[in-house]
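Please look at the sequence and the structure as I go along.

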Amino acid sequence: MDIQFNYEYRDEEVRSFPLQDLAVFALQLEQVEDNVEASVTFVDDEQMARLNEEYRGKEGPTDVLSFECDGLDDDGFPDPFAEAFEEEELPFQLGDIMIAPDVAERQAKSFNTTFEGELSLLLVHGLLHLCGYDHIEDEEAEIMKQRERDILLAWGAHQGDDTAVQTLILLEHPHHGRNGEE
């Protein structure tokens, strides 16, 4: 697995958390193949607001955006080129995730959790979108929320700390629809 982290914003602080390890851990729990590539980029509010407007037609910054590359098409069927990746062992471009640390920090303060915990939740949330999960319908949202919970609990046990458990507080709060969006 090749997960590229681009620390364009708040480099030292964000880099201090084991997010790369969490990304690999989460994708392994999702049983994603080893030939997968993805990127995670940390951006400021201004850049996130531009992306949110451009791709979702929403004003202002959001906390996380995911952009699928290879994988499932819009109807949930496997990409017709996916077999080529398996047969030739080409890298499979899972997609790109954009995270706004400033939004994450505000949410962490607002919901009385940690900055690391919020970043962890946003990373797992973004990765699950790249793996085909969604939260548009209530039933899908519950499935995705449960998967986030399972991954974060397993990560907390794996790390031997309570960061992931603290993050689960976020999963019970109504803001879980990502920035108030349900």
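This is a predicted model: local features need pLDDT of at least 70, side-chain atom pairs count only at pLDDT 80 or more; totals for chains, interfaces and linings use all residues.

In which helix is arginine 147 found? Arginine 147 is found in helix H7.

Glutamate 137 sits in the loop between helix H6 (115–130) and helix H7 (138–159). Together with Asp138, Glu139, Glu140 and Glu142, Glu137 forms a negative surface patch.

I now turn to the salt bridges, of which the count comes to 8. Arginine 10 takes part in one with glutamate 13, at 2.6 Å from N to O. Glutamate 13 is partly exposed, at 34% relative accessibility. Aspartate 102 also forms a salt bridge with arginine 10, and here the closest N and O atoms are 2.7 Å apart. Aspartate 102 lies in helix H5 and arginine 10 in the loop between strand S1 and helix H1, so this pair ties together parts that are 92 residues apart in sequence. Both aspartate 102 and arginine 10 are buried.

Where do the partners of another salt bridge, arginine 106 and aspartate 45, lie? Their side chains meet at 2.9 Å, N to O. Arginine 106 is in helix H5 and aspartate 45 in helix H3, so parts 61 residues apart in sequence are tied together.

Finally, salt bridges with shared partners join Arg10, Glu13, Asp102 and Glu105 into one network.

Definitions and conventions. Residues are numbered from 1 along each chain as its sequence is written. Side-chain values use heavy atoms; hydrogens and water are left out. Patches are made of residues with over 30% relative accessible area and no salt bridge: like charges are joined within 9 Å, nonpolar side chains (Val, Leu, Ile, Met, Phe, Trp, Tyr) within 5 Å. Accessible areas come from the Shrake-Rupley method with a 1.4 Å probe; for residues, only the protein chains shown count as cover. A salt bridge is a side-chain nitrogen of Lys or Arg within 4 Å of a carboxyl oxygen of Asp or Glu. Lys and Arg count as positive and Asp and Glu as negative; His and the chain ends are not counted. The place of a charge is taken as NZ of Lys, CZ of Arg, CG of Asp or CD of Glu. Helices (H or I, at least four residues) and strands (E, at least two) are DSSP runs, numbered from the N terminus. Buried means under 20% relative accessible area, exposed over 50%, partly exposed in between (1.4 Å probe, protein chains only).
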